[in-house]
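Dear colleague,

Please find the structure below, handed over for your records and further use. My notes on it follow directly after it.

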Amino acid sequence: VHLVESGGGLVQAGGSLRLSCAASGSAFSITVMGWYRQAPGKERELVATITSGGGSTNYADSVKGRFTISRDNAKNTMYLQMNSLKPEDTAVYYCNAGGVDHTTTRYFERWGQGTLVTVSS
């Protein structure tokens, strides 16, 4: 399973961006996906997660009410709509996915390469 993020960039404070994470491969099922971020000099932190059916989401307190996570299972793609962006949201955002590889029947976890989001004040 391979994850590719897109949608990062430079935006002014108060602006919006939408990140995408596309999963590719064969014979797999993803059960949970999430977004994490890592700011310069800081540890990677959870931003939001979403279950396979999209029925359960979880957000970091710092982004609640501003960010929305969603997924399109038919496209194996996850999104993060980020509104009212703040300079402290500046970080590299990483996509994460966990599920089952049907060829091995084993659980897997994958990370994307990251996409940089820069919010200017």
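This is a predicted model: local features need pLDDT of at least 70, side-chain atom pairs count only at pLDDT 80 or more; totals for chains, interfaces and linings use all residues.

Residues are numbered from 1 along each chain as its sequence is written, and side-chain values use heavy atoms, with hydrogens and water left out.

Overall architecture

The chain contains zero helices and eleven strands; helices (H or I, at least four residues) and strands (E, at least two) are DSSP runs, numbered from the N terminus. Read from the N terminus, the order of elements is β-β-β-β-β-β-β-β-β-β-β. The radius of gyration is 14 Å, close to the 14 Å given by the globule rule for 121 residues, so the chain is as compact as a globular protein of that length. For this comparison the radius is taken over C-alpha atoms, and the rule is 2.2 Å times the number of residues to the power 0.38. The C-alpha trace spans about 50 × 30 × 20 Å along its principal axes.

Of the 121 residues, 40% are buried, where buried means under 20% relative accessible area, exposed over 50%, and partly exposed in between (1.4 Å probe, protein chains only). Among contacts between residues at least 6 apart in sequence, 54% join residues at least 24 apart; a contact requires heavy atoms within 4.5 Å. The chain exposes about 6300 Å², and carbon and sulfur atoms supply 48% of this area, as calculated by the Shrake-Rupley method with a 1.4 Å probe, where for residues only the protein chains shown count as cover.

There are 11 positive and 9 negative side chains, and the centres of the two sets lie 3 Å apart. Lys and Arg count as positive and Asp and Glu as negative, with His and the chain ends not counted; each charge is placed at NZ of Lys, CZ of Arg, CG of Asp or CD of Glu.

The disulfide and its surroundings

The structure holds one disulfide, a term that here denotes a pair of cysteine sulfur atoms within 2.5 Å. Its partners are Cys21 and Cys95, with sulfur atoms 1.9 Å apart. The link connects distant parts of the chain, since Cys21 belongs to strand S3 and Cys95 to strand S9 (residues 91-101), 74 residues apart. The torsion about the S-S bond is -65°, and the link of Cys21 and Cys95 is left-handed. Both Cys21 and Cys95 are buried.

Ser20 is also part of strand S3, which covers residues 17-24. Ser20 is counted as buried because its relative accessible area is 15%. Beyond neighbours within four places in sequence, Ser20 is in contact with Val4, Glu5, Ser6, Trp35, Thr77, Met78 and Tyr79.

Further buried positions

Val11 is situated in strand S2 (residues 9-12) and is buried, at a relative accessible area of 13%. Residues up to four places away in sequence aside, Val11 touches Ser16, Leu17, Leu85, Thr118, Val119 and Ser120. Val11 and Val1, ten residues apart in sequence, are 31 Å apart in space, C-alpha to C-alpha.

Arg71, in strand S7 (residues 67-72), counts as buried because its relative accessibility is 17%. Neighbours within four places in sequence aside, the contacts of Arg71 are Ile30, Thr31, Val32, Met33, Ile50, Thr51, Ser52, Thr77 and Met78.

Loop residues

Most residues other than glycine have a negative phi. Ala27, although not a glycine, has a positive phi of about 50°. Ala27 is in the loop between S3 and S4 and is partly exposed, with a relative accessible area of 38%. Thr105, likewise not a glycine, has a positive phi of about 60°. Thr105 is in the loop between S9 and strand S10 (106-111) and counts as exposed, at 66% relative accessibility.

Pro40 occupies the loop between strand S4 (28-38) and strand S5 (45-51). Pro40 counts as exposed because its relative accessibility is 73%. Pro40 and Thr90 are 50 residues apart in sequence, yet their C-alpha atoms are 8.7 Å apart in space.

With kind regards
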